[in-house]
Structure formats: structure tokens, C-alpha cells
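Here is a short walk through a single protein chain, written for someone who likes to keep the model open while reading.

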Amino acid sequence: MNIDKELIKCVEKIDLNLEKRLNENYKYINEILDSIKYSVFTGGKRIRPILAMKSYELFSENNNYDNIMPFALAIEMIHTYSLIHDDLPSMDNDDYRRGKLSNHKVYGEALAILSGDGLLNLAFETIFDSFKDLGDLEDHRRKILTGKEISRYSGLKGMIGGQVIDMNQDKKEIEDDELLYMYKTKTAALIKAATVSGAIIGGANKEEIETMRKFGYYLGMSYQIKDDILDKSEDENIEKLTYLSHFGVKKSDRDLKVFSDKAKLELRKLKGKDINFLMSLTDILINREV
């Protein structure tokens with residue numbers, strides 16, 4: 001498999017479905033749709049929906065992504081809403097996102113807030129719309145369980161909880177456990193939501209689901225530590241609390257390898273499954289330069 005071509009193919013499929021979802025008839029509210037599309041289509045890597053799709057493919061008996069797509073789109077919508085809100089003056093107060101002006105710098109703070117709210121609600125509307133095509137009782141159970149996982153990982157015990165700790169990072173002292181909790185929830189939570197969602201909808205058993213949950217956690221931790229290493233200069237300028245600033249370069253470099261190795265170790269537990277794509281993607285994410 002050529003992973004670069006496969007990544008492009010996945011991104012194209014995700015973007016096509018996002019465009020379809022966001023091009024529905026929304027009479028009188030074109031302004032907020034423009035704002036939402038601005039943030040959704042600003043060059044995101046689509047890592048989370050790709051993880052959902054490829055985790056699904058590990059366990060599904062067919063290569064049709066239609067079953068996982070609503071959940072993959074929902075996770076990307078939730079991720080994008082979180083970025084819009086993170087950039088707000090009352091949060092991280094960032095003027096740029098992915099090299100472009102942040103949403104609130106283009107559309108104003110009020111519309112940025114509403115755009116984030118709109119994306120969050122549309123995410124769950126997209127999940128519930130998938131119930132129109134229910135198969136048997138097992139299909140119904142899987143979709144309910146997946147919706148619950150996504151809701152939990154994006155909520156108070158997940159991404160939002162992590163953001164609360166991040167907002168209070170002006171505290172000069174923070175316990176190791178609290179910082180690890182922030183990383184576990186703010187970044188790793190949605191990545192776990194993606195890997196677990198794919199596994200559940202694909203038909204994985206309980207043990208396999210837990211393996212994918214651990215894989216998502218370890219991958220999410222290594223992904224964020226790598227971000228900290230890449231953003232070192234920028235974060236130092238604003239005195240941002242990060243894994244790197246808290247634990248130092250040596251431990252961060254070591255833990256990046258430890259977490260990524262553990263992620264790959266979890267994948268190797270899936271006997272008889274084609275884990276090549278996810279193994280390669282893990283290497284790409286921890287070795288990236290941007």
C-alpha cells in the first residue's frame with residue numbers, strides 16, 4: 001500500500017462528505033455557513049476521521065466506509081469546533097490557525113462562538129441521522145454505543161475538561177498528574193474516540209475495542225508531545241505550559257518514543273488483522289516536521 005496515496009484518497013472522501021453535509025439547504029443563514037466552512041476547510045490533516053475509517057476497516061467484513069462515515073464526520077466537526085473556540089480571545093487568544101486568520105478574526109467573536117456551537121450540534125445530528133439506515137439490533141447497539149463514546153470523549157471528562165485545565169495554565173506550579181490528565185483529555189480523547197468508534201462500528205469484540213482504546217491513547221499522547229517539540233519556540237514566547245516546558249527536552253523526547261512504541265505494541269496484539277496502515281501512520285505522525 002502506498003500510504004501517501006491512501007491518505008489523499010481518505011481526505012478526498014472525507015471532504016466530499018463534509019461538503020455534502022454543509023451544502024444542504026440552510027435558508028437565511030449563509031453567513032454562519034460561510035464561517036463554518038472557512039474553519040472546516042482550512043487545510044486540516046483529517047487525522048481523526050482517517051483513524052476512524054481505518055480502525056473500522058480493521059474489523060469490518062467489507063471496505064465500504066458508509067457505516068463509519070457519519071461518526072468520522074462528527075468527530076472532525078467536534079475537533080473543528082474546539083479549534084474555533086480555542087482561538088477565541090477568552091481562551092487561547094490566537095490570531096492565526098494553520099497559517100490563516102482565526103475564525104473570530106474574520107467573522108467576529110459572536111459568529112465564531114455560534115459557528116462552534118453549530119458544528120457541535122451538527123456533529124450529533126449527523127450521528128443520529130445514521131439511525132435512519134439501521135440494520136439489525138446489533139447495528140442499533142453499535143451506533144448507540146459509539147455515539148456515547150464520542151459524547152463522553154468530547155465532554156466534561158474528555159476534551160472540555162482538558163481545556164479547563166489548559167485555561168488555568170497561568171498557574172506556575174502544576175502537578176505531574178494534572179498535566180498528564182490535561183493531555184489525556186484535551187488531545188488524546190478525540191483520537192481515542194476515533195479509534196474506538198471505528199472498532200465498534202466495524203464489529204470488534206470487547207477485547208479488541210479496549211486494544212484500540214489504548215492505541216488511541218498512546219498515539220494521542222505521542223502526537224501532542226510531538227506538537228510541543230515542533231512548537232517549542234512559539235510556545236516559549238508566550239510562556240505556554242506544555243509537556244515539553246514542564247518535563248524538559250530529554251524526558252519529552254524519551255516519552256515520545258515510549259508512547260509511540262506502546263501504540264504500535266497495542267496494534268500488534270490484533271492477530272490476523274492488517275495493521276500496516278496504522279503502523280505507518282503512527283510513524284508518520286511522530287516523525288513529522290510540521
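A residue is called buried under 20% relative accessible area, exposed over 50%, and partly exposed in between. L101 has a relative accessible area of 36%, so it is partly exposed. Please keep in mind that this is a predicted model.

**The chain as a whole**

Let us step back for a moment. The secondary structure of the chain comes to 15 helices and 2 strands. What radius of gyration would a compact globule with 290 residues have? It would be near 19 Å, and the chain has 19 Å, which agrees. Of the 290 residues in the chain, 51% are buried.

Together with Y96 and V106, L101 forms a nonpolar patch on the surface. The accessible area of these three residues together is about 280 Å².

Which residues gather in a patch of negative charge on the surface? They are E173, E175, D176 and D177. Among them, E175 has its place in the loop between α8 (159-167) and α9 (176-186). E175 counts as exposed because its relative accessibility is 59%, and exposed means over 50%.

**Two residues with a positive phi**

The backbone has something to show as well. Y28 is not a glycine, yet its phi is positive, at about 75°. You will find Y28 in the loop between α1 (3-22) and α2 (30-40). Is Y28 buried or exposed? With a relative accessible area of 73%, Y28 is exposed.

R98 is also not a glycine and has a positive phi, of about 55°. R98 lies in the loop between β1 (96-97) and β2. Its relative accessible area is 34%, so R98 is partly exposed.

**Side by side**

The table gathers the accessibility of the residues discussed above.

| Residue | Relative accessible area | Class |
|---|---|---|
| L101 | 36% | partly exposed |
| E175 | 59% | exposed |
| Y28 | 73% | exposed |
| R98 | 34% | partly exposed |

Terms used. Residues are numbered from 1 along each chain as its sequence is written. This is a predicted model: local features need pLDDT of at least 70, side-chain atom pairs count only at pLDDT 80 or more; totals for chains, interfaces and linings use all residues. Side-chain values use heavy atoms; hydrogens and water are left out. Patches are made of residues with over 30% relative accessible area and no salt bridge: like charges are joined within 9 Å, nonpolar side chains (Val, Leu, Ile, Met, Phe, Trp, Tyr) within 5 Å. Accessible areas come from the Shrake-Rupley method with a 1.4 Å probe; for residues, only the protein chains shown count as cover. A salt bridge is a side-chain nitrogen of Lys or Arg within 4 Å of a carboxyl oxygen of Asp or Glu. Buried means under 20% relative accessible area, exposed over 50%, partly exposed in between (1.4 Å probe, protein chains only). Lys and Arg count as positive and Asp and Glu as negative; His and the chain ends are not counted. The place of a charge is taken as NZ of Lys, CZ of Arg, CG of Asp or CD of Glu. Helices (H or I, at least four residues) and strands (E, at least two) are DSSP runs, numbered from the N terminus. The radius of gyration is taken over C-alpha atoms; the globule rule is 2.2 Å times the number of residues to the power 0.38.
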